[in-house]
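Please examine the sequence and the structure displayed below.

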Amino acid sequence: MSQQTIVIVNTGCANISSVKFALERLGVAVTVSDDPAVIKAADKVFLPGVGSAGAAMKSITGKGLIPTLQQLTQPVLGVCLGMQLMVQQSDEATSGTIDCLKLMPGEVTRLKAGELRLPHMGWNTISPKIDSALFAGIDAGTYFYFVHSFAVPVYEHTLASCEYGQSFSAAIQHNNFFGVQFHPERSGEAGAQLLTNFVNM
């Protein structure tokens with residue numbers, strides 16, 4: 001892969017090192033930073049996240065990163081909670097909603113899993129859109145690793161869908177902003193292919 005500046009936004013969340021290691025295994029040099037100038041200068045940006053939307057947004061707000069993230073024009077990939085933070089708002093609050101980064105339309109709602117247990121945890125198959133560069137070389141029915149109780153319902157910005165009691169967005173895209181609900185860094189060869197596709201965009 002060509003030498004690029006790849007930056008993982010230091011959101012203050014816990015899965016930054018696992019995303020970093022997954023990229024380094026692919027031979028990609030990675031910088032972890034919460035410096036707006038470093039983030040803006042990157043060729044590609046990763047927005048990781050685990051835990052609660054409220055805590056993550058509090059951390060991102062505290063670091064003063066919301067305007068920086070909203071102004072990015074290079075490809076940005078949100079991972080797991082990072083994907084959920086890209087939309088307008090999240091229902092993941094004890095009362096009311098949480099304002100997210102507003103990088104694209106959409107909202108996060110609690111999974112309606114019926115008799116299935118939450119969180120949705122483990123391997124599940126996805127159905128990507130055929131012409132998506134992010135899923136090049138990744139067939140429908142490929143397994144990825146998920147851990148979540150909230151999701152973005154399937155809508156016009158859905159790039160790939162998954163089923164767990166209901167259909168939900170396994171991946172979303174709007175302009176230069178991409179997000180995946182699963183953990184590519186924990187999804188074996190398929191995850192490595194997706195990360196490679198993103199870096200090579």
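Leaving out residues up to four places away in sequence, Thr 68 touches Pro 36, Ile 39 and Lys 40; contact here means heavy atoms within 4.5 Å. The model is predicted, so local features need pLDDT of at least 70 and side-chain atom pairs count only at pLDDT 80 or more, while totals for chains, interfaces and linings use all residues. Residues are numbered from 1 along each chain as its sequence is written, and side-chain values use heavy atoms, with hydrogens and water left out.

Thr 68 belongs to helix 4, residues 66–71. Helices (H or I, at least four residues) and strands (E, at least two) are DSSP runs, numbered from the N terminus. Thr 68 has a relative accessible area of 4% and is therefore buried. Buried means under 20% relative accessible area, exposed means over 50%, and partly exposed lies in between (1.4 Å probe, protein chains only). Ser 59, in helix 3 (residues 53–62), counts as partly exposed because its relative accessibility is 22%. With neighbours within four places in sequence left aside, Ser 59 is in contact with Thr 11 and Gly 12. Ser 59 and Gly 12 are 47 residues apart in sequence, yet their C-alpha atoms are 6.1 Å apart in space.

Helix 6 may be considered next. This helix has 12 residues, 188–199, and at 1.5 Å a residue it should span 16 Å; its end C-alpha atoms are 17 Å apart, which agrees. The expected span is 1.5 Å times one less than the number of residues. The buried residues of helix 6 are Ala 190, Gly 191, Leu 194, Leu 195, Thr 196, Asn 197, Phe 198 and Val 199. Among the elements that cover them are strand 1 (6–9), helix 1 (16–25), strand 3 (44–47) and strand 10 (143–148).

In soluble globular proteins, nonpolar side chains tend to be buried together. A nonpolar core is a set of buried Ala, Val, Leu, Ile, Met, Phe, Trp, Tyr and Cys residues joined through side-chain atoms within 4.5 Å. The largest such core has 36 residues, of which Leu 23, Phe 46, Leu 77, Ile 126, Leu 134, Phe 135 and Phe 182 touch the most other members. Several elements supply at least two residues each to this core, including strand 1, helix 1, strand 12 (158–163) and strand 13 (167–174). Helix 6 provides the largest share, 5 residues. A second, separate core of 30 residues includes Val 7, Ile 60, Leu 69 and Leu 85.

Which residues does Phe 46 contact, leaving aside its neighbours within four places in sequence? They are Ile 6, Val 7, Ile 8, Val 9, Val 19, Leu 23, Leu 77, Leu 195 and Phe 198. The structure holds 7 aromatic pairs. Rings of Phe, Tyr and Trp (its six-membered ring) pair if their centres lie within 6.5 Å; planes under 30 degrees apart count as stacked, over 60 as edge-to-face and the rest as tilted. Phe 46 and Phe 198 form an edge-to-face pair, at 5.1 Å centre to centre and 70 degrees between the planes. Phe 46 lies in strand 3 and Phe 198 in helix 6, so this pair ties together parts that are 152 residues apart in sequence. Both Phe 46 and Phe 198 are buried. Phe 146 and Phe 168 also form an edge-to-face pair, with 5.8 Å between centres and 90 degrees between planes. This pair links strand 10, which holds Phe 146, with strand 13, which holds Phe 168. One aromatic cluster is formed by Phe 135, Phe 144, Phe 146, Phe 168 and Phe 182.

Some backbone details remain. Most residues other than glycine have a negative phi, and most peptide bonds are trans. Leu 118 and Pro 119 are joined by a cis peptide bond, with omega about 5 degrees; Pro 119 is in the loop between strand 7 and strand 8 (120–125). Cys 80 is not a glycine but has a positive phi of about 55 degrees, and this residue lies in the loop between strand 4 and helix 5 (81–84). Is Cys 80 buried or exposed? Cys 80 is buried, because its relative accessible area is 6%. Asn 175 likewise has a positive phi of about 55 degrees; at 58% relative accessibility, Asn 175 counts as exposed.
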